[in-house]
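Subject: Structure for you to look at

Hello,

Here is the structure I said I would pass on. Please open it beside this email and follow along.

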Amino acid sequence: MTEKKIPIASLDKFLARLAERGTVYAPGKDASGDLALMAMPLGEPVLLDYGNFTLSPKAFFLPQTQTLLCFRDGKAQEPPLPEQAAFLFGVRPCDAAALRALDKVFLDSEPPDPYYAHSRARTTVIALACTQPMPSCFCTSVGGGPGDAAGADVLAMCLEADLLMRAQTPKGEELLASVADLLAEPTPQDAQAAEERIRAAEDQIAPVWTADSAQRLRDAYDSPLWAAASQKCLGCGTCSFLCPTCHCFDITDELRNGTGRRVRTWDCCAYPLFTLHASGHNPRPTPKERWRQRLMHKFRYALENHDRFFCVGCGRCIRSCPASMDLRTVLKEIGG
Amino acid sequence: MARNPYLPYPTRIEEVTVENGARDIKTFRLAFEDPAHAAEFRHLPGQFAELSIPGVGEAPFGIASSPTETGYLLFSVKRTGLFTNELHSLEPGAPIGARGPMGKPFPWERMEGKNLLIIGGGFAFTTLRAAIKYILDPANRARFGSLLVIYGARTPDELMYKNELAEWQARGDIQVHLTVDVADKPWTQHVGVVTRVLDELNPSAAGTLAIACGPPIMIKFTLLSLGKLGFLDDAVILSLEMRMKCGIGKCGRCNIGSRYVCKDGPVFTREELKALPAEY
C-alpha cells in the first residue's frame, strides 16, 4: 500500500496530468451554485473545503437514464459504450463506500451488470477524507468513517500544506506510480497529523443506533410505528434519488419509425407504481409498506443478503427530505 | 465473453393458438432465429422468460413448454395490460425477443421418486403444463410416482390446452380432474372450486409433493386443504407472480423481504414463504 504526499500547491498539476489520460471531475459549483463533481477545467480553483456534494456520485456508475439497447429496424443491439477513462477527485468516503454496496449487486451477484462493470472499470475514484462532517452525517454507525474510503482507488487526506495520498487498489497504485515525479515521501509526522484530523472528524459525528438493526427490524415488522412514521411521506422519491446506495431502476422503451432505445431510469420504492401488478394488485399498497420496505432494505435485507448496510450515513435523505423525515429517529424508535 | 443479460434472443412467432372464447388468452409458439441460441436456452419447468417487443417493453411469463419439446418455446398469455395487448395483436411471422431462462424451476431433484399432486387455477396453469409434459415424457415418466392433476377454471371454455387435457385424461399414467365454477350444457365433469375436488379425492400426503399455481384466493384455500390432508409446509410448492423489470435481481421491485422473486423464485416452498414477510 503506497503512501505519498503532494503539496496542495501542486494539485492542479496533478489533476492536469490525469486529464491527459481522461476526463477529470473535481469539486466545484454547478450552474445553480450547488456543490458538485464538475468536469475539469473548472475555471476556478478546485475546492478542498466542503461538506459533500448535493448529488451522490452514483450517477457516474448508474446514470439516471442509461441506454441498455438500441433498436434499428426492429432489431435490438448493444449500444456503444464510452471508452475514455474518468477520474473522480474529491469523492467523500461515504460515497466511495456506497460503491462497495453497489458492487455487491452489480458486480458480485450473478449475472454481473455489463454497463455498471464498464463504468466502474474505466473510472478511478480518488476519495478525500472528511474533516468537517455535517450534523446529519453518521458514517461511523454504518461501518464507515471520515478516513475510511473502502471503494475508492486512492484515499487523499488534507494536511496543512500537503495532500497525503494512499493507494487502496491496484488501479490506485498504478495512478500514483504514473505521477511519481510529483509526489514526495510522507514523514511519520504527516501520517500522525492525518490520524489526528480524522479522529477529530470522527469525534464530531453523533452515533445512530444501528446495532442489531436486522433483528430489531425483523421483530418490528408488524409494529404500528410504520403507519405513524410514514404519515409524512409524500412519496416524492428525493431520498432515493439522492441516496448513493439506492439503485432500483425501471426499464422503458422509446421508439419512433423503427428506431429507438430501451432505457433504464432511476426508480424508487416510494412510488405506488413501483410494485403495481397488471392485475391491479399491489403488494405494497400504501406509504406504510413502502416506507417500511425502504428501511428494511437498507438495515435488514441488505445485511441478510450482502452482510452490510445499504446505507453509508451520508445524511442526504435527512438534509433534503421536504417533509423532514429522518430515518435515524425511526431506527431509534424501532428499538422498542 | 458472457452474453449481455439485457439482450433478448431474437425469436419469431410460429403459431398463435386462441385458448378461450373470450379470445383473451392466447398461446404463442416462438422459434429461435439462431439455432445456437436455441441450444443455449436451457430451461426446466417452473422457470420464466422476459418477452420483448421493441418500443413496447418487456414482461415476464412462465414458460409453458417443457424442455422435452425441442425447437420452440410456448407462452400462454392473458391480455391484461399494455404489453400483453400489443403481444395479442401479433401474428405468426412477427419477430419478438426472449430473455431467459430466469428464476428457479420446480425442485426436480426433490420430486424424483415422489407422488406428485398438481393443482392449478385459471391461466396460471402455464408452467404446470410444462411440468406435466416433462413428467409424461417417456424418458422421464419412470422417475416419478403417481401424477394427480386438479385444474379449475371459471367455465369450461376458460380451460386452456383443451386438446391436451383430453389426451391426458385418456392415459393411464396420469389422473386429471377438471372442474369449473359455472358449468355449461355439455359439461359432465366436476363443478366447484378446486379445493372441493381436492377434499373429495382426499389424496394421501405420504411420499407426495404438491405444486399449486393459481389466483391468490385459490392458493389461500388450497393451502388450508393441503394442511388438513397432512401436507407439511416443505412438501407444498408454490410459484409466485410479481411485477418485474430486469429479471436478474438488480432492479429491486420484486423482492419479498430479502428474496427476489425473479432470481430466488418464482418457485418457493410454503415453508420458505412462511419465513418471509407476507408482502406478495
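Predicted model: local features only at pLDDT ≥ 70, side-chain atom pairs only at ≥ 80, totals over all residues.

Chain B overall

Chain B contains 8 helices and 15 strands. Its radius of gyration is 18 Å, close to the 19 Å that the globule rule gives for 280 residues, so chain B is as compact as a globular protein of that length. Along the principal axes, the C-alpha atoms of chain B fill a box of roughly 50 × 45 × 35 Å. Of its 280 residues, 47% count as buried. The contacts also say something about how the chain folds back on itself: take those in chain B between residues at least 6 apart in sequence, and 70% of them join residues at least 24 apart.

The two domains of chain B

Chain B is divided into domain 1, residues 9–102, and domain 2, residues 108–239. Their centres, taken over C-alpha atoms, are separated by 24 Å. Where the domains meet, 17 residues of domain 1 are in contact with 14 residues of domain 2. On the domain 1 side, the touching residues divide into 8 polar, 6 nonpolar and 3 charged.

A sheet in chain B

Chain B has an open sheet of 6 strands with antiparallel pairing, in the order β4-β3-β6-β1-β2-β5. Which strands stand at the edges? They are β4 (57–62) and β5 (73–78) of chain B; each has a single partner strand, so one side of each is left without a neighbour in the sheet. From one strand to the next, the twist averages 40 degrees. The partner of β4(B) is β3(B), residues 48–53, and the two pair in the antiparallel sense over 6 bridges. Within this pair, Ala49(B) stands opposite Phe61(B) of β4(B).

Strand β8 of chain A

In chain A, look at strand β8, residues 154–158. Buried residues make up 4 of its 5, so β8(A) is largely enclosed by the rest of the structure. Strand β7(A), residues 123–128, runs parallel to β8(A) and is joined to it by 3 bridges. Here Ile126(A) stands opposite Val154(A) of β8(A). β8(A) also pairs with β9(A), residues 162–167, this time in the antiparallel sense and over 5 bridges. One pair of bridge partners is Leu155(A) and Arg166(A), the latter in β9(A). β8(A) and β9(A) form a hairpin, with 3 residues between them.

Regards

Notes: Residues numbered from 1 in each chain as written. Chains lettered and ligands numbered in written order. Pairing = 2+ DSSP bridges. Axes fitted to C-alpha atoms, helices over the stretch in contact; angles between N-to-C directions. Domains from an automatic or database assignment. Contact = placed C-beta atoms within 7 Å. Nonpolar A, V, L, I, M, F, W, Y, C, P; charged D, E, K, R; others polar. Rg over C-alpha atoms; globule rule 2.2 N^0.38 Å. Buried ≥ 20, exposed ≤ 12 C-beta atoms within 10 Å, placed from the backbone.
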